[in-house]
Amino acid sequence: MGSDAELIGVVDVFWISDEPSMPARAELVAQLPASTFAAEARVEAFARMKRAWVEDMMGAVLFELPAPASSADVRFGQSGVASFLLDLVKKQGLARERVEVAIINGGAVRGNASYPVGPFILKNMYSEFAFPTEFSVLQLPGRTLVQMVTWSHARLKPAPELLHLDGDCTVSEGVLSAINGKPVEPARLYTVRHTYK
């Protein structure tokens, strides 16, 4: 029972009528820890093989971090990990959409870890993005982006809604001042990738 099969359910299946059209009923009689029963050798061998495969896959190097980065304070201020991952999303994953700004809420970055210069592996990615996040690509005026960042940085900390932007944006003391190395143009429409869940 459960996602990890830690419990085994004992179920009593019964019929209250001899009528074939009447459905069977079931009642949970007991829940026993799976450890109550001896492990089956073939199943244990299969589980070991699958665990080894997953562990090997989780060690796959995705890219090299060029500088130390952390997600430990992701709900308090800008995160090097979030910015770097958003750079990758913007420049590689969404190049076709010509995204100019990539944004994610601090609450979607979960690793709470610090990383040295060097390999960033799949396990780290799953740690940082622990659940699926939906996103949209839309156009927003520069003034709206500035207001969004200012609002999110002014929230009571820790703030899961604190917005993190890709590394080509300049945010200082909660104020967005530049996008892709140029001052924010208030009336200009920017193509933005934003997580909303």
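These are my notebook entries on a predicted model.

**Cores**

I began with the nonpolar cores. The largest one has 14 residues. Within this core, V101, I103, L145, L165, L176, I179 and V192 touch the most other members. I then asked which elements supply at least two residues each. They are β5 (101-105), α4 (142-153), β9 (163-165), β10 (169-172), β11 (175-179) and β13 (189-195). I also noted another core, lying apart from the largest one. This other core has nine residues, including F63, L65, F84 and L85.

I looked up V192 next. What does V192 touch, beyond residues up to four places away in sequence? I found V99, V101, I103, S136, V137, L138, L140 and L145.

**M148**

I placed M148 in helix α4. M148 has a relative accessible area of 21%. Leaving aside neighbours within four places in sequence, I saw M148 in contact with I103, L140, L163 and H194. I also checked M148 against V175. They are 27 residues apart in sequence, and their C-alpha atoms are 9.5 Å apart in space.

**Aromatic rings**

F63 lies in strand β3 (residues 61-65), whereas F84 lies in helix α2 (residues 80-93). The two are 21 residues apart in sequence, so the pair ties together separate parts of the chain. Are F63 and F84 buried or exposed? Both are buried. I also found that F63 and F84 belong to one aromatic cluster with Y115 and F120.

**Charges over rings**

I checked for charged side chains over ring faces. K50 lies over the face of W53, at 5.9 Å from the ring centre. R193 has its charged end over the ring of F135, 4.4 Å from the centre of that ring.

Helix α1 covers residues 41-58, which makes 18 residues. From first C-alpha to last I read 26 Å, close to the 26 Å expected at 1.5 Å a residue. At the start of α1, I looked at E40. A side-chain oxygen of E40 comes to within 3.1 Å of the backbone nitrogen of R42.

A60 sits in the loop between α1 and β3. Its relative accessibility is 34%, so I put A60 down as partly exposed. Not counting residues up to four places away in sequence, A60 touches F120, I121 and L122. I compared A60 with F14 too: they are 46 residues apart in sequence and 51 Å apart in space, C-alpha to C-alpha.

I tested the length of α2. Its 14 residues should span 20 Å at 1.5 Å a residue, and its end C-alpha atoms are 19 Å apart, which agrees. Which residues of α2 are buried? I listed V81, A82, S83, F84, L85, L86, D87 and K90.

S79 caps the N-terminal end of α2. I found a side-chain oxygen of S79 3.3 Å from the backbone nitrogen of V81. The backbone nitrogen of A82 lies 3.1 Å from a polar atom of the S79 side chain. S79 belongs to the loop between β4 (69-70) and α2. With a relative accessibility of 3%, S79 counts as buried. Apart from residues up to four places away in sequence, S79 touches S70, S71, V74 and H164.

**Backbone details**

I ended with the backbone. The peptide bond from K157 to P158 is cis, with omega near 0°. P158 is in the loop between α4 and β9.

I then looked up positive phi values in residues other than glycine. N112 has a positive phi of about 50°. I located N112 in the loop between β5 and β6 (114-115). N112 counts as exposed, at 56% relative accessibility. E173 also has a positive phi, near 50°. I located E173 in the loop between β10 and β11. Its relative accessibility is 81%, so E173 counts as exposed.

Technical notes: Residues numbered from 1 in each chain as written. Predicted model: local features only at pLDDT ≥ 70, side-chain atom pairs only at ≥ 80, totals over all residues. Heavy atoms only, no water. Core = buried A, V, L, I, M, F, W, Y, C linked by side-chain atoms within 4.5 Å. Buried < 20%, exposed > 50% of the residue type's maximum accessible area, 1.4 Å probe, protein only. Helix = DSSP H or I, 4+ residues; strand = E, 2+ residues; numbered from the N terminus. Contact = heavy atoms within 4.5 Å. Phe/Tyr/Trp six-rings, centres within 6.5 Å; stacked < 30°, edge-to-face > 60°. Lys NZ or Arg CZ within 6 Å of the ring centre and 35° of its normal. Expected span 1.5 Å × (residues − 1). Polar contact = N/O pair within 3.5 Å; in protein donor to acceptor, adjacent residues only side chain to side chain.
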